[in-house]
Structures are given as structure tokens and as C-alpha cells.
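Please read the following note with the model displayed beside it. The points below concern the arrangement of strands and the packing around them.

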Amino acid sequence: MSTIQSIRGMNDILPEDAGNWQWLEAIVRRVTHRYGYQEIRLPILEPVALFQRAVGDSTDIVAKEMYDFHDKSGDHITLRPEGTSGCVRAVIEHGLCHNRTQRLWYQGPMFRYERPQKGRFRQFNQFGVETFGMAGADIDAELILMIHDIFRELGLGEHVRLELNSLGTPEERREHRKDLVAYLEKHRALLDEDSLRRLETNPLRVLDSKNPDMQEMIEAAPKLLDYLAEESASHFTRLRALLDEAGVAYVINPRLVRGLDYYTRTVFEWTTEALGSQGTVCGGGRYDGLVELFSGKPLPASGFAFGIERLLLLIETVGKLAPPSDAPDVVVTTATASLTVDAVLLGREIRHQFPTLKLLNDFTGAKLARQHQRALKSGCPLVLTLNEDNSIGVWAPADDQRSTVTRETLAGTLSKWMLNR
Ligand code: ATP
Ligand code: MG
């Protein structure tokens, strides 16, 4: 009989790793909470048309990477490749921005039909933040400060680098595009296959190429930053001033264009050198035109997303993982198997009285010595043994202290033990 395995590029997160996820998620929730962001939970399936319109037909995500199919009634739907489009859809659908601003976050699986490799999967998890109704550089700076705080709490501050650029407005991009296309046509012989395709569909993205043979040519290409008019230029200057004031280091990368079409003005990426070509751990920026594309009404917006797997990989690579231990605080063992019911009630009583304790009952039915061995191996600092005369053995393996207490005096002993921990 052949065994059934998981689908390519889709990973199980095993119990031994779940602790790391919970630790990271707790930090991210704590920081976004501090900044007053609210959670929004969105469907995993969306109409294909949503991403075609929002992300753009010519992007890799929509052109090549969508995990799409026709459902039983023939509707063309897709597992979501990213979170921003669905969030914008929900904000419009429920009128969340009528006369108010929004600061939102979400988390969950995203799907891209890419070739699986280290740090690149078909199902991966993103944590994302989107803001609506705020047009200034101040909210762009707030997003960056928030990410900065998250990296600091994760112990990654020195391992990531912030890259910043402005993509201007669609008009400014059009001006730049004319000169860029002319420049690229002139150097057509140097372009690889991917870039020749992009030259037709989305020339700005040629600048994104990592092909080493093209770097010199790209370096000398016309820079969008030189095409910014007054308003975009001062938005960028103000953002830089805010970051300088806050002491957040960054580098200007005029070639940073991001893989999605919807960005305007501010774009940024946090990158690391520790993960090879999967070096982008967080990306974001401003997308002022996207809401209008769906609702006809303009609404400024900006946001970011990071890939959780890649962050955990980075944390592991630089050896900074510091999640809490998974060991129980207390294990309840029994002198004989007939005491199981009493042990369940004892465990329950302790859980109610000391709600912060993590307590496990040993239900293996093994001999007491085996139960103690197992408890020791789990790293548990306190082992209780329910005896036939209803007394309770208390054993702290670390200093090999043993005593015997009654049901009545157990609570006092546990309180004292917790205080001295
Ligand atoms: P890349 O250049 O690595 O393909 P991207 O530009 O496609 O990244 P975004 O669309 O900006 O990435 O998504 C934001 C983040 O999500 C990335 O920085 C990365 O951490 C993560 N991410 C994107 N695609 C994958 C994937 N296939 N597997 C794991 N994480 C991913
Ligand atoms: Mg990609």
C-alpha cells in the first residue's frame, strides 16, 4: 500500500516547532497592539479577478504563481497569493473607511505556485498590516518604526537592513517609463529572456533583475527618483527626516520596485544577507491608487507584510531563537493504576487553584519508577505522586528534594514552591 504524503511545497508545523511560532506570533501581536492596530480575519479563497485587477496581470504573482482552479459551479477562484487585495476588498465591501481611518493587521497562510526550495514554499504564512485614510509620510514612518520594534524584540536588529525608495505617482512613472524604455531598447542585446518579456509588460521590473550580467547596465539606467515632482519629492524627504529623527537606519535603493503593481510613492524592504537569494524578509509601501481601482473613490493606504517561515529561518540561522521551554510545570503520577480517577480530580483541583501552572497527568499505567523517569525526561521541575493512603509525594528533581504532604497542606507547599522558583 502506498503512503499518502503532503502536497509539494506544503509543510506540517510539528509540535516541536509550534512553540517557536507561538513565541514569534506573541511578539508581533504585542507590538501591533501597542500601536493600536486591530485584527481582521479574511477568507483564504477569493475570486481570481480580485488579484488580476489589484496585483496586476503582468506581475509574477498573477501571471505565473496563482494557485487557481474552477470550483464545482465553474467559478474561477484562487487560494490567496497575498493579503492586501482581500483586505482592500473587505474594507470597501463593509464600508470600514466611511469618515474614519483604519489600522488593521492579519495573519495566515498564502499560496503561490512556485518551485519549492529553502525559504520558498507553495503554502507559507504572512503577517500583514494595512492602513487606510492616511496620506502623509507620518503613517509610512509609523509602519517602519513598528517593524523596527518587532525586529528588535525578536533579537534580529543587527541582521536586517531597511531599503527605501519612492515609486512616485502613476504620472511620474509614465514620464520615467518613456526614458527607461528608450534606454533599455538601446541595450537590448544585454537583456535576458525574463527582462525582454518585462520590457513589453512592465519595464520598471527589469530594474529588479538579479542577473549579474545586467547589473552594470541597470546601475546606469534612468532613476525614478529623478522624476519625482514637488509633492512626491517632499513626501519622501519628510519620511526620511522622520526616520532620521527616530534613529532608524536605512539605505536608499533606487532599484527597489517590489513585485506588485499597486504601489505608489513609498516602498520599502527589509533584507538580510543570511538567507542567500531568499533575502527579503519584509516588504511594504504605499498604495494610494488601489482602493479607487475597486470603488471609484480615492483613499490613501499603506501597509507591509512579512513571511513568517523566512523570519523563523533567519532567527534559526543567526542562532537567536529564545522561545519558552515546552516542559510541563507539574506532572502527577500515581502509585497504582487504581488511583487514576483520584489523580484526575487532584490535577483538576490544582489547575483551578493555580491557573498559570501547566500540569500533565501520567496516564500510561506504567510502574511508578517508569512514570518518574518519564517525568524527569520531560524537564518537569515538580513531580507529584498520589499514594494509596491519599498522601502526596512531592519531588523536585533539580535539587532532589522529597517530602510527603496531605491533600490539605498541598496548596501551601505549591504556593511556597512557586514563590521560590
Ligand atoms: P521574493 O522576491 O522572495 O519572491 P516577493 O517579492 O514575492 O519575495 P512579497 O510578495 O513581497 O514577496 O511577500 C512578502 C514576504 O512574503 C516576502 O518578503 C517573503 O518573506 C514572503 N514570501 C513570499 N513568497 C514566499 C514563498 N513562496 N515562500 C515563503 N515565503 C514567501
Ligand atoms: Mg516572489
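1. Strand β10 and strand β11 (residues 301-307) pair in the antiparallel sense, with five bridges between them. Strands here are DSSP runs of E with at least two residues, helices are runs of H or I with at least four, and both are numbered from the N terminus. Two strands count as paired if DSSP finds at least two bridges between them. Opposite Gly283 stands Ala305 in β11.

2. This is a predicted model, in which local features need pLDDT of at least 70, side-chain atom pairs count only at pLDDT 80 or more, and totals for chains, interfaces and linings use all residues. Residues are numbered from 1 along each chain as its sequence is written, chains are lettered from A and ligands numbered from 1 in the order in which they are written, and side-chain values use heavy atoms, leaving out hydrogens and water.

3. β10 also pairs with strand β9 (residues 264-271), in the antiparallel sense and over six bridges. Glu269 has Gly283 of β10 as its bridge partner. Of the seven residues of β10 (280-286), six are buried, that is, under 20% relative accessible area with a 1.4 Å probe, protein chains only.

4. The open sheet has eight strands in the order β1-β5-β6-β11-β10-β9-β7-β8, with mixed pairing. Because β1 (38-39) and β8 (251-252) each have a single partner strand, one side of each is left without a neighbour in the sheet.

5. Strand β7 (residues 161-166) runs parallel to β8, joined by two bridges. Leu164 has Ile252 in β8 as its bridge partner.

Terms used: Buried < 20%, exposed > 50% of the residue type's maximum accessible area, 1.4 Å probe, protein only.
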